Amino acid sequence: MEFFIDTANMDEIKEAKSWGILDGVTTNPTHVSKESMPFKELVKEICKIVDGPVSAEVVSLKAEEMLEEARELVKIADNVVIKVPSIPEGVKATKMMSGEGIKVNFTLVFSPMQALLAAKVGAAYVSPFVGRLDNVSHHGMDLVEQIRTIYDNYGFETKIIVAAARHPIHVLDSALMGADITTMRFEIMKMLFEHPLTDIGLEKFLQDWKKAPQKGGVK
Ligand code: E4P
């Protein structure tokens, strides 16, 4: 299972990379709006340091215009993936992009039918936004389970990116359900490492070590 970081912040990306577990990055217009670097420059910088797919989102609402944006964005680096919104024009655009060999991350997915459409038009990735469904009293992870079943039934190769993850349990459930990837904010990725019993256990070992005989060595 792969871990993507959901951010456009270079410091967070560099730190996550240093942990050795980073497989890719998903940006979106909201993340980009928080950074000072212009969009394309930022994508270029991220692509330089990340050895894996980097999603950059189009903002046009017409298929032809989305395609033009995508053609420009993929020139930035080989690992750029184009995020396309789950609207009818987005489906059309995805079909055109996949026909040109452009990898698409079909985003803002909230129903299994949207995910099926994404697979039918050749999207490389589909992004169900589980946390946003939870926010409106739907079980976001049920959607992931349905998508997994549909894709497995027909052998679709579109990879499932569990998006809008809100806590480590979303990551755990993603792994248990066989989702391919979870994309998560920096804070959530950090939480994956933490357990209070590890901290308590380590503290005790270090305290006890101070009492252990320190002289002499292994012969
Ligand atoms: C995914 O690719 C999106 O960028 C992201 O997960 C959106 O989630 P949010 O609800 O945390 O903004």
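A: Start with burial: buried means under 20% relative accessible area, exposed means over 50%, and partly exposed is in between, using a 1.4 Å probe and protein chains only. By that scale F193 is partly exposed, at 47%. The model is predicted, so local features need pLDDT of at least 70 and side-chain atom pairs count only at pLDDT 80 or more, while totals for chains, interfaces and linings use all residues. Numbering runs from 1 along each chain as its sequence is written, and side-chain values use heavy atoms, with hydrogens and water left out.

Now the rings. Rings of Phe, Tyr and Trp (its six-membered ring) pair if their centres lie within 6.5 Å; planes under 30 degrees apart are stacked, over 60 edge-to-face, the rest tilted. That rule gives 6 aromatic pairs. One of them is W19 with F186, stacked, at 5.4 Å centre to centre and 20 degrees between planes. These two residues are 167 apart in the chain: W19 sits in the loop between α1 (10–18) and β2 (24–26), F186 in helix α10 (residues 186–191). Helices (H or I, at least four residues) and strands (E, at least two) are DSSP runs, numbered from the N terminus.

F186 is buried, at 13%. W19 is partly exposed, at 24%. W19 also pairs with F193, edge-to-face, at 5.1 Å centre to centre and 65 degrees between planes. F193 lies in the loop between α10 and α11 (196–211), so this pair ties together parts 174 residues apart in sequence.

Next, the nonpolar packing. A nonpolar core is a set of buried Ala, Val, Leu, Ile, Met, Phe, Trp, Tyr and Cys residues joined through side-chain atoms within 4.5 Å. The largest has 57 residues, of which V80, I82, M97 and Y151 touch the most other members. Helix α8 (residues 140–154) gives the most to this core, 6 residues. Another core lies apart from it, with 5 residues, among them F4, V81, Y125 and I181.

Last, S60. It is in the loop between β3 (54–57) and α4 (63–73). S60 is buried, at 15%. Contact means heavy atoms within 4.5 Å. Leaving aside neighbours within four places in sequence, S60 is in contact with E65, M66 and E69. Its side chain also makes a polar contact with the side chain of E69, at 2.4 Å. A polar contact is a pair of N or O atoms within 3.5 Å; within protein, one must be able to donate a hydrogen and the other to accept it, and residues adjacent in sequence count only if both atoms are side-chain atoms.
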